[in-house]
Amino acid sequence: MEREFAGQDRYDTGIRLAKNFGTSKGGLGAVPTAFVASGGSLVDSISVAGLAGYADAPILLTTSGGLHRNVADFVEDYDVRTVYVLGGSAAVSDEAVTAIEALDAKPSVTRIAGDDRYATAAAIAAKIDAESSWCGTDAVSAVLINGSSEALAFGVAVQTVAYRLQLPVLMTAADELPDATAEYITANDVEHVQIVGGTGTVSAGVASALTTLGVDTVDRVDGDSAAEVSVALANMANNGCGDDLAPVSVNRAALVRGNPDGVVAAPVLASSLANGELVTPLIVGDTLPASVRDYLAATPKVVAGAKLALGIVAVGGTAAVSEATMDAAVEAAASAGALSVSIGAMDDTNNDKKTDADDPVRPGTMFSLYFSDDVEGTDAELLAKVRDIVEVNGVVARVSAASTESGDGVCTPRRVDVTLAKALANGDTISIASSAHTFGTDDDQRRLAAVASERVVAAPADTARPTVKIIGIANEEAFQIRVSDDRGIAASTAIESGDLVFNSGRGAATRGTITPPSSLVDTDDNPVKAATWTVAVARDAGAGGTGVEANVLVAGDRLRLNSGAVVDTSANVNAAAAGRAIAEQASPRAVSVLMSSPLHSAQTRWSVPTAFFPSDTPGDHEIFISAKASGDAAGAAGNAWSMVFDTPSTYSAAKDADIDVRVDTKGKTVTVRFNNGPVTVASLLAALTANADFDARFSANTGCDAVATTRLEPSTAADDRDSVAGFVDAAGDTSTTGIGMTQFAVEVRFSGYIATVSADELLADILARTVARNRANEAADSVTELRTLLGIASVGNALSIVGSAPGTTVRYEMTTASTAYMPQARDLVDIAAGHTGAAAITADAAAGNAAHPAITAVPAVATGYAPDAPTRLNATTINNTGAQDRVDEDKNGASQPRITVSASVKARN
């Protein structure tokens, strides 16, 4: 909100505007020409904007009875050599003209006047020694306004455009074209007339009279009020007239009254206020008109992910544009809510896979400030501000560093990392004090709306003991001691003979060798959270009974681990635990197949075809469309959608913008058709998001340096019709595909322990119903094809026996680019009875037996943990007695569970 032109009266406002104009031209002595008009009436000055633009000159206001001191000072200071006085002596007195001529600068003074206001406007227009054209035409053009005193505000609305285009501004009565105006049009072969206002201001009869005079085209900037006309002109400046008026500011607007202030503002708004960009003038009254409010509220809040902070300048003091009107305009145009800040940890302390203000601050020297909107600045600038606002326990904190932190694809960060000189302790309170400092971007600096505070909380003490489970199965050679701890097992842990007590269930046997895990740290030297020790048994053959081999467990053998043998990273030790060897298992069967809810880990991203952009448009102006992380286009589902862009052969850039966006939810297609008109980055983004079906599924944005007014060039070339947008990654790199991915997990829970898994075959059985459901679309007749569809190179990379072998749960973690190949709740999983595995299938095929069967018929799944009895109990090893196997179910049994979606299964461990 700016009031740099808030003068004490209209004359003071006028001189402030003129000085702004003069400064842009080089300062004192740099303005050779100026126009002087009466400050008491709009009648004579309302037609001068086009001539002032042609002369590149400011407009000054003086009192009717003499020369205002401001005008005299400006003419002297800026060395004005030529002064044009507008209107007769009733408007600007002869005494004023004499006073100008008597100034030290000795300017030449020329009065431009006619017999009436209409003739004066024609006389002013005749001074424009050039053929000017209205936007989008090549015709000799003129602007026509209603010249009555009550309608002159309509003329104020068009002043800035007339100045930029150097167009003559003519006057008419509401229902009759004056002779002076008609004579000018005829004498100057005017081919196009742009009427300003609706038919209530300039009638259809006047428009017909223009045609009768020989004017080729008559157009109208429609509107029932001056405010509505100013909004129509503003929209035109940002769209249909953008090339002719360029450059046009996209982040400024001006509020003006329908009085002389608006006339003298035209040179500034058209050239000097915003570094040469044209600033849209909006006509206001004692209150903010609804049309202006709606226009300001509709300005883009975000372009390319970056805020568009709209600056509003009021022309004149509060008598011209009241504080209430200004406040209403700022409220309507506000690009964002109040800026707030929260305090959180710098990393994921609450283990929710996100780093944000919800993460509790732990003792130490570092934390982060999370702002509700974009912040930027050098480290030095931020450090100076942060030192003033951060307190610890009510005392100014000693801050040693502050810097912004950005993530991938973030244009402007919203996080500031803070480092303190003194470490925070448990229970300390960090607070943000109120201050005059502002934060934000270069164009959008705001004070913090509210202070924040956060208590430092030490991580919960780890008092949980490591968990120990001892598993033994008859006819195996060792017990397994499985240890787990959420925080990690201490690397110093070593289970030794003194920690164990072995009791034989039958016959003479002792504890044998203890084999520790290969390592208690992972590849990154972090403590492992699960590990397995094996404890062998030493037993004489037959000591456990007839047929018992040497060094195997028998049912009833018992192993105890004393307390204190295992230590976790928090120095907690295990409680005593014991396990008893169980009898050999019957074939384990799948008790349940549980599936996680899908996690849409990557969203599909498209790039609008480059054929619709000018050849010299930078890449960061391209428009990208991304699927949202929820809805029916999220994750892998988005890959089935197509983005189609089209321009009909009837397309005309000269017509009003018309972009048709349609969403076919059944065919999964978004079609964008550029029917007519100039298309900009902002208008395409607006058209896309205005479609409710599109907005529910997709978002559209551009590169960080996008400019809202960048023009697109819809192509009608045959090769560009029905152009399909290609996938592009988050960095805009077309060398990689920005395809959507969905992650999910499946857990198969068995009734007994599983030692080995034929991973492909089990996966094939799980997904057999899914494949059958989609076979009409895309057949997958081998596990290799299935892996390709799922986007995984090897099932083994996505599979784990939960915990470590032996276990009862087999878990798959998978990422797919096609939701068609995701199982669904209630799918029947037909797990066939055991088989020796993939090797046997391959052997069968090599022997000329049945070829590798289709996925739905693959029988091999999991090998049971019970030993392969025929290789252990045979006639040779048991004194050639020919004894039969007591247990021959060494593989899984057939089962048919249905898939259940369970909250206990997470898509990612």
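Which residues does Pro-107 touch, not counting those up to four places away in sequence?

What we have here is a predicted model. The protein chain has a mean pLDDT of 82, and 83% of its residues reach 70 or more. There are stretches to treat with care, though. Over residues 303-307 the pLDDT stays under 50, and the model has 22 contacts beyond four places in sequence for them. Residues 732-736 also stay under 50, with seven such contacts.

Now, back to Pro-107. You will find this proline in the loop between helix H4 (94-101) and strand S4 (108-112). Its partners are Val-75, Val-80, Arg-81, Thr-82, Val-83, Ile-100 and Glu-101. Is Pro-107 buried or exposed? Buried is under 20% relative accessible area, and Pro-107 has 5%, so it counts as buried.

Let's move on to the helices. Two packed helices are described by the angle between their axes and the distance between the axes. Please look for helix H11, residues 260-272, and helix H1, residues 10-24. They pack at an angle of about 15°, with their axes 9 Å apart. Angles under 35 degrees count as roughly parallel, and that is why H1 is roughly parallel to H11. The crossing of these two, H1 and H11, is left-handed. On the H1 side, the residues that meet H11 include Leu-17 and Phe-21, and on the H11 side they include Val-264 and Val-268.

From H6 the contact uses Val-156, Gln-159, Thr-160, Tyr-163 and Arg-164. Among the H11 residues in that contact are Val-263, Ala-266 and Leu-269.

On to the interior. In soluble globular proteins, nonpolar side chains tend to be buried together. How many residues does the largest nonpolar core have in our model? The number is 65, and the residues with the most contacts inside this core are Trp-134 and Leu-245. Helix H6, residues 152-165, gives the most to this core, with nine residues. Leu-245 touches Val-161, Arg-164 and Leu-165, among others, and its list also includes Cys-135, Ala-237 and Leu-278. Apart from this core lies another, of 29 residues, with Phe-612, Met-643, Val-670 and Val-679 among them.

At 12% relative accessibility, Pro-714 counts as buried. The C-alpha atoms of Pro-714 and Asn-676 are separated by 9.0 Å, and the two residues are 38 apart along the chain.

My last stop is Ser-592, in strand S31, residues 590-595. What is its relative accessible area? The value is 19%, and since buried means under 20%, Ser-592 is buried. Beyond four places in sequence, Ser-592 touches Glu-747, Val-748, Arg-749 and Pro-897.

Methods. Residues are numbered from 1 along each chain as its sequence is written. This is a predicted model: local features need pLDDT of at least 70, side-chain atom pairs count only at pLDDT 80 or more; totals for chains, interfaces and linings use all residues. Side-chain values use heavy atoms; hydrogens and water are left out. pLDDT is the predictor's confidence in each residue, from 0 to 100. Contact means heavy atoms within 4.5 Å. Helices (H or I, at least four residues) and strands (E, at least two) are DSSP runs, numbered from the N terminus. Buried means under 20% relative accessible area, exposed over 50%, partly exposed in between (1.4 Å probe, protein chains only). A nonpolar core is a set of buried Ala, Val, Leu, Ile, Met, Phe, Trp, Tyr and Cys residues joined through side-chain atoms within 4.5 Å. Axes are lines fitted to C-alpha atoms, for helices over the stretch in contact, and angles run from 0 to 180 degrees between N-to-C directions. Angles under 35 degrees count as roughly parallel, over 145 as roughly antiparallel, 65 to 115 as roughly perpendicular and the rest as oblique. A crossing is left-handed if the near helix is turned anticlockwise from the far one by less than a right angle, and right-handed if clockwise.
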